[in-house]
Amino acid sequence: MADDIPPGFRVVSTPNAPPASPIGPFPGMIAQGNIDLNARPIVKNPDGSYSTVRSMSFENDGGQEVLVPTVSPDGKIMSDQQSMELYGRTGQNLGKFDNPAHADMYAEALHKAQDQHYAAQTQPAAGDDLPPGFSVVKQPQAEQGIGQPEGVPTYSPPGVEGYDPKTGEVQKYSGPGSAAMGAANATTFGFGDELASYLASTFSGVPRDQVLSEMRGDASQARADNPKSYVAGEVGGGLAQAAATGGAGFGLNAAKTGAGLGGVALGGAADGAIQGALNGAGNADGDFMDRLRGLLTGGTIGAAVGGAAPYVTSAAGSLVRRIISPFASSPEREAAVNLLAQEGVPVTAGQRTGSNTLRYAESELGGQKAANAAEQTAEAFTDAAMRKAGGSGRATPDNMLALRDSLGQEFEAISNRNTLTADPQLGNEIGATLNRYDKLLEAQQKPIINGLADDIVKRLQANGGTLPGAEYQVIRSDLSRASASTGNPTLAAAFRGLRDALDGAMDRSISPADAAKWAELRGQYGNMKVLQRAATGGGEESGLGIISPAQLRVAAASGNREGFATGASDFTDLAKAGQAVLTKLPNSGTAARSAIRNGIPLSAGLGGVVAGIPGMIAGMAVPRLAGRALMSGPGQAYLGNQVAAGATDPVTNAVLAVMARQGAISPLIAGPAQDR
């Protein structure tokens with residue numbers, strides 16, 4: 001009859017036909033077949049009977065017994081060898097079993113079901129030679145290059161999801177389904193199917209051994225359908241275990257008690273041995289000895305993985321941190337960099353990290369960009385210092401003069417609208433100055449100080465214990481000039497003593513409305529005096545109005561070392577941060593600088609050797625291109641970033657090791673058991 005069917009058509013049964021396959025479950029079935037039994041080719045035998053699923057079985061490379069039809073898709077009887085070759089090309093089969101006996105049992109049941117399904121064929125209908133319950137439908141032809149003979153109909157089971165025409169296999173499980181099966185196996189240490197089989201057998205009435213066999217077959221099918229998803233599920237299940245327990249175990253406890261990497265590794269090995277032994281026993285499906293072998297094998301694998309995990313995660317963490325932050329800085333240097341950033345002082349990646357190699361590379365390869373960056377940093381540092389005195393920009397003579405005049409005008413304005421009021425503290429401080437320097441001054445100098453003190457007292461008495469602000473300002477300026485003009489330090493200190501006593505009294509007399517501004521001007525004036533000393537240093541930069549961190553430090557500490565050291569000076573933090581980060585490197589005589597300088601002609605020479613003059617030109621361009629990349633915004637951001645700098649906390653390392661161990665053990669041990 002098959003010879004009368006036009007090419008491109010096939011015979012299918014109608015819904016009224018009896019079932020084409022036996023009703024399961026079936027002992028020993030690992031995977032269901034992927035052939036549509038409702039649409040089999042019908043072969044008319046010489047004796048007048050019909051054949052649809054004549055079958056045979058053979059053992060595949062995985063140790064499974066594969067049942068295949070001996071009727072080809074185009075309706076011809078095949079030899080056993082031809083049937084196996086067709087399976088090799090298309091993957092089409094009637095089912096996979098754990099042994100030949102179970103395959104034969106299913107084949108017999110299938111034969112009977114097919115007999116009933118196609119029984120009407122023994123009584124052909126008049127006209128089209130087809131038995132009742134069957135019809136002819138168009139069959140798509142096979143695509144070329146998919147492993148099937150040309151002209152052989154492409155098998156596409158109606159309503160079967162997951163069918164792959166290239167392999168002829170039907171996927172029972174989707175990716176998420178396979179992942180869920182893997183996760184379930186990992187989280188139960190391989191004992192999940194056994195525990196569930198008792199419950200399923202109780203409710204279904206099916207023998208537990210048969211239920212367990214089907215469950216294990218389902219697990220194998222899930223792994224075979226989507227191996228990557230299944231393994232991902234196992235890894236996820238292991239990680240879920242670690243998360244649920246908080247990583248508890250000997251390894252983490254060792255880290256929490258301060259043990260080193262070796263102690264954490266020993267604890268991890270113990271944890272891994274326990275977990276591995278459970279997985280090995282749970283995934284062994286045989287007798288007691290098989291489980292014992294699984295327990296020992298799993299324990300050995302688990303101990304090895306658990307012991308290695310702390311070292312692997314520590315090394316991997318260090319590598320990742322080095323990749324993310326290639327030049328790690330110290331916490332102290334980072335604090336200095338942050339302070340400079342707050343003051344508006346930009347730094348290069350080399351300055352931020354303190355890497356001399358990187359700093360030399362910036363200097364030698366950065367070209368004009370590096371020079372511009374250095375100048376910008378120097379200007380910004382000077383501007384930050386100037387702002388502490390109420391100024392801005394470079395410390396040029398014109399700028400410093402303008403700053404002094406500005407502060408003087410503000411002092412004069414506030415003084416003119418305020419009056420100094422004498423109080424007991426003023427008298428005490430003037431008296432203390434006279435008593436102190438009466439013993440230190442020379443005989444001819446004592447009348448000078450005493451006369452100035454008497455003049456101050458008389459002026460106060462003449463004004464009823466007060467002193468107009470303008471008059472205070474004149475007396476103060478005279479005392480300051482006298483202190484600056486004498487070469488005798490003791491006499492200069494005596495002048496300052498009287499001036500400071502007046503300043504204190506004026507500070508206490510200033511109106512509340514002017515008090516804050518007055519205090520600010522006092523601080524700014526003192527800072528201006530520091531800047532005047534710093535700006536008088538030697539060198540080209542000083543001539544250009546640049547104040548270096550070293551100059552600022554010396555000027556700020558001059559005459560007040562204790563105040564600078566204890567942070568009482570407004571310049572302490574800025575000067576120290578500048579010296580820590582911005583100190584220049586030696587211009588020559590260092591291995592790092594020499595290596596970079598020598599590399600420039602070397603690249604040109606190598607280019608010339610390889611490709612002559614064009615190669616030499618290209619070689620000369622390499623350092624310039626490297627310098628541009630080095631000084632570019634992205635390059636500086638990457639080289640200077642400290643996102644992953646510093647060592648990871650030991651407890652964090654231990655937790656990461658637990659996660660790695662939990663995620664690795666289940667796939668390593670459960671995989672071979674599932675694939676046996």
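At what angle do helix 3 and helix 6 pack, and how far apart are their axes? Hold that thought for a moment. One caution before we look: this is a predicted model.

Let's start with the whole chain. It has 676 residues, and 43% of them count as buried. Its secondary structure comes to 26 helices and 12 strands. The accessible surface is about 33900 Å². Carbon and sulfur atoms account for 58% of that surface.

Next, contacts along the sequence. Take the contacts between residues at least 6 apart in sequence. Of these, 69% join residues at least 24 apart.

Now back to the opening question. Two packed helices are described by the angle between their axes and the distance between the axes. Helix 3 covers residues 175–187. It packs on helix 6 at an angle of about 40 degrees, and the axes are 6 Å apart. Angles from 65 to 115 degrees count as roughly perpendicular, and those under 35 as roughly parallel. The pair of helix 3 and helix 6 is therefore oblique. Their crossing is right-handed.

Who makes this contact? From helix 3, the residues include Gly175, Ser178, Ala179, Met181 and Gly182. From helix 6, they include Ser229, Tyr230, Gly233, Gly237 and Gly238. By type, the residues of this contact divide into five nonpolar, 10 polar and one charged.

Helix 5 spans residues 208–225, and helix 6 spans residues 227–245. Their axes come within 5 Å and cross at roughly 115 degrees. Helix 5 and helix 6 are therefore roughly perpendicular to each other.

Which residues meet here? On the helix 5 side, they are Ala219, Ala222, Arg223, Ala224 and Asp225. On the helix 6 side, they are Pro227, Tyr230, Val231 and Glu234. This contact divides into six nonpolar, no polar and three charged residues. Look for Tyr230 and Glu234 in helix 6. Both meet helix 5, and both belong to the contact with helix 3.

Last stop: Thr652. Find it in helix 26, residues 650–674. Is Thr652 buried, exposed or partly exposed? Its relative accessible area is 37%. Buried means under 20%, and exposed means over 50%. So Thr652 is partly exposed.

Now find Ser314. Thr652 and Ser314 are 338 residues apart along the chain. Their C-alpha atoms are separated by 10.0 Å.

To recap: helix 6 is oblique to helix 3, and roughly perpendicular to helix 5.

Methods
Residues are numbered from 1 along each chain as its sequence is written. This is a predicted model: local features need pLDDT of at least 70, side-chain atom pairs count only at pLDDT 80 or more; totals for chains, interfaces and linings use all residues. Side-chain values use heavy atoms; hydrogens and water are left out. Axes are lines fitted to C-alpha atoms, for helices over the stretch in contact, and angles run from 0 to 180 degrees between N-to-C directions. Helices (H or I, at least four residues) and strands (E, at least two) are DSSP runs, numbered from the N terminus. Angles under 35 degrees count as roughly parallel, over 145 as roughly antiparallel, 65 to 115 as roughly perpendicular and the rest as oblique. Contact means heavy atoms within 4.5 Å. Ala, Val, Leu, Ile, Met, Phe, Trp, Tyr, Cys and Pro count as nonpolar, Asp, Glu, Lys and Arg as charged, and the others, Gly among them, as polar. Buried means under 20% relative accessible area, exposed over 50%, partly exposed in between (1.4 Å probe, protein chains only). Accessible areas come from the Shrake-Rupley method with a 1.4 Å probe; for residues, only the protein chains shown count as cover. A crossing is left-handed if the near helix is turned anticlockwise from the far one by less than a right angle, and right-handed if clockwise.
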